[in-house]
Amino acid sequence: MSRILSKIRTPFRYTFTNATLILVIINVAVFFLYNFTFLIPIREEYLSLNVLGFVYRKCFWQPVTYMFMHANMAHLLSNMIGLLFFGLQVERAIGSKEFTLLYFATGILSGLFSVALYYALGVYQTSLGLQPYAFVNSLVGASGAIYGILLAFATIFPKSRIYVWFILPVPAPILVIAYAAIEFFSQFTSTSNVAHYTHLAGFAVAFFYFVVRFGVNPIKVWRDAFRK
């Protein structure tokens with residue numbers, strides 16, 4: 001077991017290649033190519049992540065492609081601002097290879113968690129029964145990965161402060177905890193189509209990534225930071 005854990009924790013050679021900026025460029029390019037040029041002649045249902053596509057039609061690329069699809073300009077901007085603000089600093093701290101692995105691990109696994117939840121709850125079925133060629137409850141966006149990067153930022157820089165609305169300084173760990181609480185309760189009270197559990201899954205995946213990959217418990221890091 002210790003040998004396996006040792007291999008898992010073998011660090012990458014540090015490099016910095018601006019992976020954050022590359023991801024932003026790809027996301028923006030996909031949005032404009034898909035919505036304004038029609039150069040991507042594939043229906044959104046095949047690129048978003050959904051039970052009927054992933055499970056029943058074997059669209060196994062969806063856990064990756066859904067991360068680059070966004071519902072609208074506001075959705076795209078909010079995710080890309082978060083990625084730039086937090087991602088660049090996380091990438092500089094852990095290196096581009098580690099950052100890229102963290103980004104895709106949180107994005108893919110949080111998406112798969114959501115699909116598994118949809119499947120278990122049967123929310124992909126309609127009153128007419130299972131529709132094998134219909135696509136409902138589709139996931140789009142990089143939010144799961146962004147939330148994972150936010151937790152990584154708060155773990156690496158636990159004493160940093162983030163200015164909410166550019167006015168109120170909030171310690172990064174407190175912001176993560178507040179967001180987690182908001183997402184948890186919003187899942188039961190919100191009537192919007194925001195996949196709050198995907199955001200929570202992004203936090204959870206990043207948390208266990210730090211525990212398994214780095215041997216670091218974010219909660220202990222935050223507790224120690226506030227004690228000093």
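**Entry 1: the overall fold**

I counted the secondary structure and got 11 helices and 2 strands. The model I am reading is a predicted one. I then read the elements along the sequence and wrote down the pattern α-α-α-α-α-α-α-α-β-β-α-α-α. The protein has 228 residues, and buried residues make up 43% of them. I also looked at contacts between residues at least 6 apart in sequence. Of these, 72% join residues at least 24 apart.

**Entry 2: the nonpolar core**

Next I looked up the largest nonpolar core, which holds 50 residues. Which of them touch the most other members? I noted Leu83, Val90, Phe99, Leu102 and Tyr103. I listed the helices that each supply at least two residues of this core: α2 (19-37), α4 (51-56), α6 (73-94), α7 (96-121), α8, α9 (172-189) and α10 (196-214). The largest share comes from α8, with 9 residues.

I turned to α8 itself. This helix covers residues 143-156, 14 residues in total. From its first C-alpha to its last I read 20 Å, close to the 20 Å expected at 1.5 Å a residue. Is α8 mostly covered or mostly open? It is mostly covered, with 13 of its 14 residues buried.

**Entry 3: Leu102 and Ile94**

Leu102 is in contact with Val90, Ile94, Ile149, Ala152, Ala206, Tyr209 and Phe210.

I followed one of these partners, Ile94. I found Ile94 in helix α6.

**Entry 4: helix α10 and its ends**

I checked the length of α10 next. Its end C-alpha atoms are 27 Å apart, and this agrees with the span of 27 Å that its 19 residues should have at 1.5 Å a residue.

His196 is found in this helix. Is His196 buried or exposed? I put it down as buried, because its relative accessibility is 8% and the cut-off for buried is under 20%. I also looked at Ile182, 14 residues away from His196 along the chain. The C-alpha atoms of the two are separated by 8.9 Å.

Just after α10 I came to Gly215, which takes a positive phi of about 70°.

**Entry 5: the second largest pocket**

I looked up the second largest pocket and noted about 160 Å³ of space in it. Its lining is made of Leu151, Val176, Ile177, Ala180, Leu200, Phe203, Ala204, Phe207, Ile219 and Trp222. The elements that give two or more residues to this lining are α9, α10 and α11 (218-227). Which element gives the most? I found that α10 does, with 4 residues. By class, I counted 10 nonpolar residues in the lining, with no polar and no charged ones.

**Entry 6: the cavity**

Rolling a probe the size of a water molecule over the atoms shows where empty space is left. How many cavities of 30 Å³ or more does the whole structure have? The search finds 1. I noted a volume of about 30 Å³ for the largest cavity. Val30, Phe31, Tyr34, Asn35, Phe68, Met69 and His70 line it. I sorted this lining into 5 nonpolar residues and 2 polar ones, with no charged residue.

Last, I looked at backbone angles. Most residues other than glycine have a negative phi. Asn18 is not a glycine, yet it has a positive phi of about 60°. I placed Asn18 in the loop between α1 (2-8) and α2. I recorded Asn18 as partly exposed, because its relative accessibility is 29%, which falls between the 20% and 50% cut-offs.

Where is Lys58 found? I traced it to the loop between α4 and α5 (62-65).

Technical notes: Residues are numbered from 1 along each chain as its sequence is written. This is a predicted model: local features need pLDDT of at least 70, side-chain atom pairs count only at pLDDT 80 or more; totals for chains, interfaces and linings use all residues. Side-chain values use heavy atoms; hydrogens and water are left out. On a 1 Å grid over the protein atoms alone, a cavity is a set of points where a 1.4 Å probe fits but cannot get out, and a pocket is an open set with protein on both sides within 12 Å along at least five of seven lines; lining residues have an atom within 4 Å of a point. Grid points are joined across faces, edges and corners, and a volume is the space filled by probe spheres set on the points. Ala, Val, Leu, Ile, Met, Phe, Trp, Tyr, Cys and Pro count as nonpolar, Asp, Glu, Lys and Arg as charged, and the others, Gly among them, as polar. The expected span of a helix is 1.5 Å times one less than its number of residues. Buried means under 20% relative accessible area, exposed over 50%, partly exposed in between (1.4 Å probe, protein chains only). A nonpolar core is a set of buried Ala, Val, Leu, Ile, Met, Phe, Trp, Tyr and Cys residues joined through side-chain atoms within 4.5 Å. Contact means heavy atoms within 4.5 Å. Lists of a residue's contacts leave out its neighbours within four places in sequence.
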